[in-house]
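Student: I am new to this structure. Could you show me how to read it, one feature at a time?

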Amino acid sequence: IQTRFHSLFTLDFLYRLNLIDRHGNLIGLAGLLTHLHYHEPANILLVYLMDTRYFHIVEDGVGIMTVFAYLFTYMPW
């Protein structure tokens, strides 16, 4: 029963991010998300930032590269 709830939560999460339609087909930036699966969970955050046009707000390349560095470099806590 725990697997069922986890599956439902995951599908609902992807639906709310507009990555799957109501039939479960990939839409939008979901292709990019699947190609970057080995960078989870940063891949989901990257697609969310791209979908909300965050990179249009950040005007300099240094700010964008800082975001990418935080997302995709391994930094132990």
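We will look at a helix, some ring pairs and one methionine.

Tutor: Happy to! This is a predicted model, in which local features need pLDDT of at least 70 and side-chain atom pairs count only at pLDDT 80 or more, while totals for chains, interfaces and linings use all residues. Residues are numbered from 1 along each chain as its sequence is written, and side-chain values use heavy atoms, with hydrogens and water left out.

Student: Is helix 1 buried or in the open?

Tutor: Buried means under 20% relative accessible area, exposed over 50%, and partly exposed in between (1.4 Å probe, protein chains only). Of the 15 residues in helix 1, the number buried is 1, so this helix lies largely in the open.

Student: What is the arrangement of the rings of F9 and F13?

Tutor: Rings of Phe, Tyr and Trp (its six-membered ring) pair if their centres lie within 6.5 Å; planes under 30 degrees apart are stacked, over 60 edge-to-face, and the rest tilted. The structure holds 4 aromatic pairs. One of them joins F9 and F13, which are stacked at 6.3 Å centre to centre with 15° between the planes.

Student: Why might residues a few places apart in a helix point the same way?

Tutor: An α-helix has 3.6 residues a turn, so residues three or four places apart point the same way. F9 and F13 are 4 residues apart in helix 1, about one helical turn. F9 is exposed at 56% relative accessible area, whereas F13 is partly exposed at 35%.

Student: Which arrangement do the rings of Y54 and F55 have?

Tutor: Their centres are 5.8 Å apart and their planes at 70°, so the Y54 and F55 pair is edge-to-face. Y54 is partly exposed at 31%, while F55 is buried at 17%. Ring pairs also link Y54, F55, F68 and F72 into a cluster.

Student: Which residues does M50 contact beyond its neighbours within four places in sequence?

Tutor: Contact means heavy atoms within 4.5 Å. M50, in helix 3 (residues 42-51), is in contact with L29, L32 and F55.

Conventions. Helix = DSSP H or I, 4+ residues; strand = E, 2+ residues; numbered from the N terminus.
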